[in-house]
Amino acid sequence: MSTKPEAKDAHQRNGTGPPPSPCSSDGPGPLATGPSEFLGPDGAGVEVVVIESRANAKGVREEDALLENGSQSNDSDDVSTDRGPAPPSPLKETSFSIGLQVLFPFLLAGFGTVAAGMVLDIVQHWEVFQKVTEVFILVPALLGLKGNLEMTLASRLSTAANIGHMDTPKELWRMITGNMALIQVQATVVGFLASIAAVVFGWIPDGHFSIPHAFLLCASSVATAFIASLVLGMIMIGVIIGSRKIGINPDNVATPIAASLGDLITLALLSGISWGLYLELSHWRYIYPLVCAFFVALLPVWVVLARRSPATREVLYSGWEPVIIAMAISSVGGLILDKTVSDPNFAGMAVFTPVINGVGGNLVAVQASRISTFLHMNGMPGENSEQAPRRCPSPCTTFFSPDVNSRSARVLFLLVVPGHLVFLYTISCMQGGHTTLTLIFIIFYMTAALLQVLILLYFADWMVHWMWGRGLDPDNFSIPYLTALGDLLGTGLLALSFHVLWLIGDRDTDVGD
C-alpha cells in the first residue's frame with residue numbers, strides 16, 4: 001500500500017514543505033529514513049533526518065486499513081490553494097455500527113418495494129396489462145435499472161466521496177454533471193433494448209407480433225427509463241453529499257435509498273405512461289415513434305457532457321457490457337413473471353416479486369459497494385497484488401472470517417428474516433397479494449429469500465475481487481450483474497415456492513383466491 005514519494009518529498013528536500021508525518025505510508029519500507037537539507041542562519045545546509053513509518057508496521061488490522069488509507073488519501077500531495085479541507089476520516093466500523101447504519105435505509109428501501117408490489121398488484125388488472133402482456137416483461141428489466149444505473153452511480157459516487165475526489169466544488173460539479181449525463185445515455189439505450197427484449201420474449205412463445213404494441217412498448221420503456229433515472233440520480237447525489245456532511249459512510253445508505261423510491265417511481269411511471277399511450281392507440285398512433293425520436297435526439301447532448309468528465313468517459317465507452325447483459329438477465333425474470341402472474345395457481349406473485357427482488361438487490365449492492373471501496377483504498381484496479389482475485393472463495397471465508405467485509409456480509413444476511421417478516425406483515429395488513437400468511441407459506445418464502453441472499457453475497461465476494469484483479473472497476477461492472485442475478489433468482493425461487501405450495505395442496509394459503 002506504499003506509494004512513491006513525489007511532489008511532497010521534493011518540497012521537503014528543498015525546504016519548502018513540512019516534514020512528513022510519522023504515520024505516513026509514503027516511505028519505501030516499514031521504516032525509512034531520508035535526509036532533508038534546510039538552510040541555516042549562515043546559509044549552510046543543515047541535514048535533518050526524517051523518520052517515516054508505515055501504518056501497517058504497527059499491526060493495523062485489515063479493517064483498519066480501509067479507514068487508515070481513507071484518511072491518508074485525504075492528505076493530498078497537492079498543496080495548491082484550490083483544494084478544500086480534507087473530509088473527516090470515518091470511524092472504525094463494528095458489526096453494530098454497520099447494522100445500525102444499514103437498518104434504516106434497508107427498511108426504507110423495503111417499504112418502497114412493498115409499495116411497488118402493491119402498485120403492481122393493482123395495475124396487473126388494467127386493460128393495458130391484459131391486452132399488451134409484454135409490459136410484464138418490462139417490469140423486472142426497468143426495475144432493474146436501479147441496479148444497472150442508480151446503484152452503480154451510488155457506488156461510484158460513494159467511492160469517490162470516501163477517497164476524497166468530491167472535496168472541492170469544482171470536483172463535485174464535474175462528478176455530478178458527468179455522471180448524470182452518463183446515466184441518461186445508459187437509461188435511453190437500455191430502455192430501448194429492454195423494449196426489444198420484451199417484444200422478442202413475447203413473440204417467441206405465441207408467435208404473435210403487433211407493430212403498434214411494439215411501438216407502445218418502446219415509447220413506454222424509453223420514457224420511463226429516462227425520467228426515473230433523472231429523478232433517482234438527483235436523489236442519489238443529495239444523499240451522498242448529505243451522508244458525508246453528517247459523518248455517515250455513503251456505502252451503507254446510498255444504494256438502499258436508491259432502491260427505496262426506485263421501484264415505486266419506476267413502476268408508477270411505467271404504468272401511467274403505458275396506460276396513457278394505450279388510450280391513444282386507436283387515434284394517435286404516430287405519437288409512439290415521436291416519443292422515441294425525442295429521447296433519441298437528446299442522446300448527443302448527454303454524450304458530449306459525459307465525455308467532458310474523465311471519471312465517466314471510460315464508462316461511456318466500456319461500461320455497456322454489464323448493463324446490457326444485466327438487462328437481458330432481468331428480462332428472463334420478466335418472462336417468468338409474465339407466465340405466472342396470470343395463472344390462478346400463482347396468485348400473489350405480483351405483490352411479492354418486487355419485494356424479494358428488491359431486498360436481495362439492495363443487500364448485495366451494499367456489500368459490493370463496500371468491498372469495492374475497500375479495494376480502492378489500497379490502490380487501483382489490477383495494481384495491488386495483495387488483493388489478488390480468489391478463483392473459488394470458500395463460503396467460510398466469505399461469511400466467517402474476521403475481516404470487515406465478512407463481518408458486513410454476516411450483518412446483511414441476518415437482516416433478511418426480520419426485514420421480510422416486517423414486509424410480509426405490512427402486505428398482510430394492506431390485504432395485498434390475495435394470499436393468507438400461514439406458517440408453511442412463510443417458511444417457503446423465507447427459504448427462498450435466504451437462499452437468494454446467500455448466493456448473492458457469495459457471488460459478490462468472488463465477482464468484485466475477480467474483476468478487481470483483472471483491472472475492471474467493480475463500481476461500474478459488478479453491481480449490474482449482481483442485481484440482475486438477484487431479480488432472476490428471486491423471481492425463479494418465488495415461482496418455485498408457489499408451485500410447491502400448489503402441489504402439496506396448502507389450501508390455507510388461499511392461493512388462487
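## Aromatic pairs

Rings of Phe, Tyr and Trp (its six-membered ring) pair if their centres lie within 6.5 Å; planes under 30 degrees apart count as stacked, over 60 as edge-to-face and the rest as tilted. By this rule, the predicted model holds 17 aromatic pairs. The rings of F441 and Y445 have centres 6.2 Å apart and planes at 25 degrees, so this pair is stacked. A pair of aromatic rings is described by the distance of the centres and the angle of the planes.

Ring pairs also build a cluster. Its members are F226, F294, F295 and W302.

## How the model is read

Residues are numbered from 1 along each chain as its sequence is written, and side-chain values use heavy atoms, with hydrogens and water left out. Because the model is predicted, local features need pLDDT of at least 70 and side-chain atom pairs count only at pLDDT 80 or more, while totals for chains, interfaces and linings use all residues.

## The whole chain

The chain has 19 helices and 2 strands. Helices (H or I, at least four residues) and strands (E, at least two) are DSSP runs, numbered from the N terminus. Of the 513 residues, 54% count as buried. Buried means under 20% relative accessible area, exposed means over 50%, and partly exposed lies in between (1.4 Å probe, protein chains only).

Now for contacts (heavy atoms within 4.5 Å). Take those between residues at least 6 apart in sequence: 82% join residues at least 24 apart. The accessible surface of the chain comes to about 21900 Å², and 67% of that belongs to carbon and sulfur atoms. Accessible areas come from the Shrake-Rupley method with a 1.4 Å probe; for residues, only the protein chains shown count as cover.

## Helix 5

Helix 5 covers residues 135–143. Of its 9 residues, 9 are buried, so the helix is largely enclosed by the rest of the structure. Among them are V135, F136, P140 and L143.

Helix 18 spans residues 439–469. F441 and Y445 both lie in this helix, 4 residues apart, about one turn. F441 is buried, with a relative accessible area of 2%. Y445 is buried too, at 1%.

Another pair in helix 18 is F459 with W462. These residues sit 3 apart, about one turn of the helix. Their ring centres are 6.2 Å apart and their planes stand at 90 degrees, so the pair is edge-to-face. F459 is partly exposed, with 31% relative accessibility. W462 is also partly exposed, at 24%.

Where does N357 lie? N357 is in helix 14, residues 349–377. With 6% relative accessibility, N357 counts as buried. Leaving out residues up to four places away in sequence, N357 touches Q452, G486, D487, G490 and T491.

Helix 7 (169–206) and helix 8 (211–245) are the elements that give two or more residues to the patch. Helix 7 gives the largest share, 5 residues. F215 is found in helix 8. F215 is partly exposed, with a relative accessible area of 38%.
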